[in-house]
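Hi,

Here is the structure I said I would pass on. Have a look at it first, and then read my notes below.

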Amino acid sequence: MPFSTRVRTFVAILACIAGIPGALAAQQTTDAIEINSPAQGTVIAPGQAITVAVNVTEPDAFTGIAVIGQDLGFSAVATSAPFSFSLFVPAGTFGVKALTAVGITTPGNGLFSQPVSIDLEPAAPPTSISANLQTLTFDAIGEQFPAMIGGTFSDGSTADLTQSSYVTYSSSKTAVVTVDAKGTITATGAGTASVVATYAQAGQSFRATLSITVSSPIITASPQSLSFANQNVGTSSSQQAITLT
């Protein structure tokens, strides 16, 4: 479930807790509720609790305030100031995650703050990194797969570092595969290529390489995608054609 959808779902949960009928009549991003701490881009080591401070300009307008963290779950619900919340960051959770304060207003409207991004990174660099799959084969153009980069640390523990901000990715042939900042690999054309993941922290650098093959298509669609305009429910759009070769 996309994080934005989870935020809206949590607004619905808060509505039930607050006992407000029709609490989902409106959901808006507003400056009336904002996260003061941690600051945008704060680097935090996993395996500890973090305190999230929320400022509300009109506390009496809300019946419940809480915080949702991407991949971190929900905080407890506060009904009065000061609005301070604790979220536990599980060990082995890495990468940029969003924190959003959410609340229910007395008239029955769900409101949520602008998200604040925190960067979950290990306190010390790993001793090595490796790709869980050193070879990868795509059967069709457009297929995607995560790089799945693991790190081994000095205490023998391991963790998934695929989305760590300390990892950068590059493709040897973007005409064959591309890779984004989060390590998602996309097949773009038939052939062979490699994706290199580089972890750099505290003056240390490690690399892992994935060898990738994209198979030649058996069936080719032209065009490869179609775009339809907005359409009223219950009506038919104009036709568009695809040629299969």
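Which residues of the largest nonpolar core touch the most other members? Keep in mind that this is a predicted model. The core has 26 residues, and the ones that touch the most other members are Phe 138, Ile 149, Tyr 169, Val 177, Ile 185 and Ile 212. At least two core residues come from each of β11 (128-131), β12 (135-138), β16, β17 (177-179), β18 (184-187), β19 and β20. β20 gives the largest share, five residues.

Next, the aromatic rings. Searching the whole structure turns up one aromatic pair. Tyr 166 and Tyr 199 sit edge-to-face, 5.8 Å centre to centre with 85 degrees between the planes. The pair links distant parts of the chain, 33 residues apart: Tyr 166 is in the loop between β15 (158-160) and β16 (167-171), and Tyr 199 is in strand β19 (residues 191-201). Tyr 199 is buried because its relative accessible area is 0%, whereas Tyr 166, at 24%, counts as partly exposed.

Last, the surface. Ile 218, Ile 219, Leu 226, Phe 228, Ile 242 and Leu 244 make a nonpolar patch of about 660 Å². Ile 218 lies in the loop between β20 (204-214) and β21 (221-222), and its relative accessible area of 83% makes it exposed.

Cheers

Conventions:
Residues are numbered from 1 along each chain as its sequence is written. This is a predicted model: local features need pLDDT of at least 70, side-chain atom pairs count only at pLDDT 80 or more; totals for chains, interfaces and linings use all residues. Side-chain values use heavy atoms; hydrogens and water are left out. Rings of Phe, Tyr and Trp (its six-membered ring) pair if their centres lie within 6.5 Å; planes under 30 degrees apart count as stacked, over 60 as edge-to-face and the rest as tilted. Helices (H or I, at least four residues) and strands (E, at least two) are DSSP runs, numbered from the N terminus. Buried means under 20% relative accessible area, exposed over 50%, partly exposed in between (1.4 Å probe, protein chains only). Patches are made of residues with over 30% relative accessible area and no salt bridge: like charges are joined within 9 Å, nonpolar side chains (Val, Leu, Ile, Met, Phe, Trp, Tyr) within 5 Å. Accessible areas come from the Shrake-Rupley method with a 1.4 Å probe; for residues, only the protein chains shown count as cover. A salt bridge is a side-chain nitrogen of Lys or Arg within 4 Å of a carboxyl oxygen of Asp or Glu. A nonpolar core is a set of buried Ala, Val, Leu, Ile, Met, Phe, Trp, Tyr and Cys residues joined through side-chain atoms within 4.5 Å.
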